[in-house]
Amino acid sequence: MRSFDQKIQSDIAILDFSRAFDTVPHERLLDKLGHYGIRGPIHNWIMAFLYNRQMWVVVDGKSSCKACVASGVPQGTVLGPLLFMLFINDLPNVVSPGTTTRLFADDCLVYREIKTGEDKVTLQRDLSALVTWAKIWGMQFNLAKCNVMRIHRLQSPFLRTYEFSGTTLAEVEQAKYLWITLSDKLDWEAQVDNITQKASNTLNFLKRNLKYCPKQYKEVAYFALVRSTVEYGSVVWDPHTIREKDKVERVNRRAARMVNNDYGRHSSVTSMHAHPTWLGYS
């Protein structure tokens with residue numbers, strides 16, 4: 001945003017690891033843990049935690065043969081995400097100064113200010129370095145989910161196609177990162193449209209299936225399935241335009257009618273908001 005305000009172009013590569021948690025090589029992970037100073041009994045304990053694990057599938061009471069798990073960190077465990085973060089912790093070290101890398105679980109964001117043609121070359125070199133890092137450490141990127149976005153306010157931006165692992169990255173105007181829709185104009189119109197559309201679809205589902213349920217059950221369903229969707233990440237994208245505020249408020253008005261089972265043309269949604277606590281009013 002600071003670069004955008006200063007009319008400086010930023011090129012962003014949105015990258016995604018392929019089956020990230022399942023492909024971490026155990027030996028290389030343990031080598032990294034030793035490098036970080038995790039040795040002795042704790043290192044042996046983590047080794048025992050990773051090795052000799054088995055998996056099988058049960059369908060209709062019948063089990064498949066057991067198979068050894070030769071790679072990956074156990075998902076659904078406390079240690080799993082921590083071990084994965086330790087494994088990819090050195091990834092930002094391979095990019096050039098001035099190129100920023102953001103990591104969260106298996107999502108990776110790489111961006112750089114583009115002031116000259118050399119900056120474009122540097123970013124391409126950094127992307128190639130990330131591919132090399134992945135090959136060395138036994139990881140792969142999901143090329144179908146990797147793309148690039150150009151953020152600027154320039155009439156004549158610096159144009160370039162970027163290659164990643166032999167594939168030309170598609171340039172997009174919008175991209176989801178951590179389930180929030182980013183746009184090349186750094187506005188939140190697409191984000192508001194996406195979450196209100198999803199919330200409206202969920203309300204339609206609840207209206208059909210909870211029509212005869214008591215009001216308190218509808219309230220619980222609203223909180224769990226609708227409001228959680230609308231509020232996710234709102235500290236970042238909290239709407240400031242009238243249009244965006246109205247779109248979010250329409251979801252609340254529809255939810256009030258659904259919970260109260262009152263769709264009359266002359267019914268006051270304001271009065272519905274005045275009494276119950278389910279919409280956040282006391």
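These legends describe close-up views of a predicted model. Numbering starts from 1 along each chain as its sequence is written, and side-chain values use heavy atoms, without hydrogens and water. Local features need pLDDT of at least 70 and side-chain atom pairs pLDDT 80 or more, while totals for chains, interfaces and linings use all residues.

**View 1. The largest pocket and its centre.** The largest pocket has a volume of about 640 Å³. Of its 26 lining residues, Met-1, Ile-12, Tyr-111, Ile-151 and Leu-186 are the closest to the centre. A pocket is an open set of points on a 1 Å grid over the protein atoms alone, where a 1.4 Å probe fits, with protein on both sides within 12 Å along at least five of seven lines; lining residues have an atom within 4 Å of a point. Points are joined across faces, edges and corners, and the volume is the space filled by probe spheres set on them.

**View 2. The pocket lining by element and class.** At least two lining residues come from each of α1 (2-5), β1 (9-16), β6 (99-104), β7 (107-114), β8 (147-151) and β13 (180-183). Helices (H or I, at least four residues) and strands (E, at least two) are DSSP runs, numbered from the N terminus. The lining has 15 nonpolar, 6 polar and 5 charged residues. Nonpolar covers Ala, Val, Leu, Ile, Met, Phe, Trp, Tyr, Cys and Pro; charged covers Asp, Glu, Lys and Arg; the others, Gly among them, are polar.

**View 3. Ala-105, a positive phi.** Ala-105 sits in the loop between β6 and β7. Its phi is about 55°, although Ala-105 is not a glycine. Most residues other than glycine have a negative phi. Ala-105 is partly exposed at 25% relative accessibility (buried is under 20%, exposed over 50%, partly exposed in between; 1.4 Å probe, protein chains only).

**View 4. Leu-178, a positive phi.** The loop between β12 (174-177) and β13 holds Leu-178. Phi of Leu-178 is positive, near 55°. Leu-178 is partly exposed, at 26% relative accessible area.
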